[in-house]
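Me: I have a structure that is new to me. Could you take me through it?

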Amino acid sequence: MIIITDECIMCGSCAAECPEEAIDAGDDKYVINQDLCIQCKSCMDVCPTEAIIEK
Ligand code: SF4
Ligand code: SF4
């Protein structure tokens, strides 16, 4: 499972990169919709704060 931690600074880069449009802005960080995520990890490569981790 790929998740976004509190390190997120809400830059939006991951959402723009996701091929499944599985990432949306939450209240204080971006959130991955696990029903849509295909675990491609493209989002992890573009995050400037390494907030996206595999768990
Ligand atoms: S792992 Fe891939 S499909 Fe899942 S949220 Fe990241 S970019 Fe989107
Ligand atoms: S790329 Fe990283 S810092 Fe930017 S919105 Fe996504 S999780 Fe947050």
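Me: What should I know about the model and its numbering before reading on?

Reply: This is a predicted model, in which local features need pLDDT of at least 70 and side-chain atom pairs count only at pLDDT 80 or more, while totals for chains, interfaces and linings use all residues. Residues are numbered from 1 along each chain as its sequence is written, and chains are lettered from A and ligands numbered from 1 in the order in which they are written.

Me: Thanks. How many helices and strands does the chain have?

Reply: There are two helices and four strands, and along the sequence they follow the pattern β-α-β-β-α-β. Helices (H or I, at least four residues) and strands (E, at least two) are DSSP runs, numbered from the N terminus.

Me: And what are the spans of the C-alpha trace along its principal axes?

Reply: The spans are about 25 × 20 × 20 Å. The radius of gyration is 10 Å, which agrees with the value near 10 Å for a compact globule of 55 residues. That radius is taken over C-alpha atoms, and the globule rule is 2.2 Å times the number of residues to the power 0.38.

Me: What percentage of the residues counts as buried?

Reply: Of the 55 residues, 22% are buried. A residue is buried if 20 or more other C-beta atoms lie within 10 Å of its own, exposed if 12 or fewer, and partly exposed in between, with C-beta atoms placed from the backbone.

Me: Which residues form the largest nonpolar core?

Reply: That core has 12 residues, namely Ile2, Ile4, Cys14, Cys18, Ala22, Ile23, Tyr30, Ile32, Cys43, Cys47, Ala51 and Ile52. Strands E1 (2–4) and E3 (30–32) each supply at least two residues of this core. A nonpolar core here is a set of buried Ala, Val, Leu, Ile, Met, Phe, Trp, Tyr and Cys residues joined through C-beta atoms within 7 Å.

Me: Tell me about Tyr30. Buried or exposed?

Reply: Tyr30 counts as buried because it has 22 C-beta neighbours inside 10 Å. Tyr30 belongs to strand E3, and its C-alpha atom is separated by 6.9 Å from that of Cys8, 22 residues apart along the chain. Leaving aside neighbours within four places in sequence, its contacts (C-beta atoms, placed from the backbone, within 7 Å) include Ile4, Cys8 and Asp24.

Me: What about Met1 then, buried or exposed?

Reply: Met1 is exposed, since 9 other C-beta atoms lie within 10 Å. Met1 sits in the segment before E1, and beyond its neighbours within four places in sequence it is in contact with Gln34 and Lys55.

Me: Where does Gln39 lie?

Reply: Gln39 is in the loop between E3 and helix H2 (42–46). With 12 C-beta neighbours inside 10 Å, Gln39 counts as exposed.

Me: Changing topic, which residues come nearest to ligand 1?

Reply: Of the 14 residues around ligand 1, Cys18, Cys37, Cys40, Ser42 and Cys43 come nearest. A residue is near a molecule if its C-beta atom, placed from the backbone, lies within 6 Å of it. The shell divides into nine nonpolar, two polar and three charged residues. Ala, Val, Leu, Ile, Met, Phe, Trp, Tyr, Cys and Pro count as nonpolar, Asp, Glu, Lys and Arg as charged, and the others, Gly among them, as polar.

Me: And which come nearest to ligand 2?

Reply: Cys8, Cys11, Ser13, Cys14 and Cys47 come nearest, of the 15 residues around ligand 2. That shell has 12 nonpolar, three polar and no charged residues.

Terms used:
Contact = placed C-beta atoms within 7 Å.
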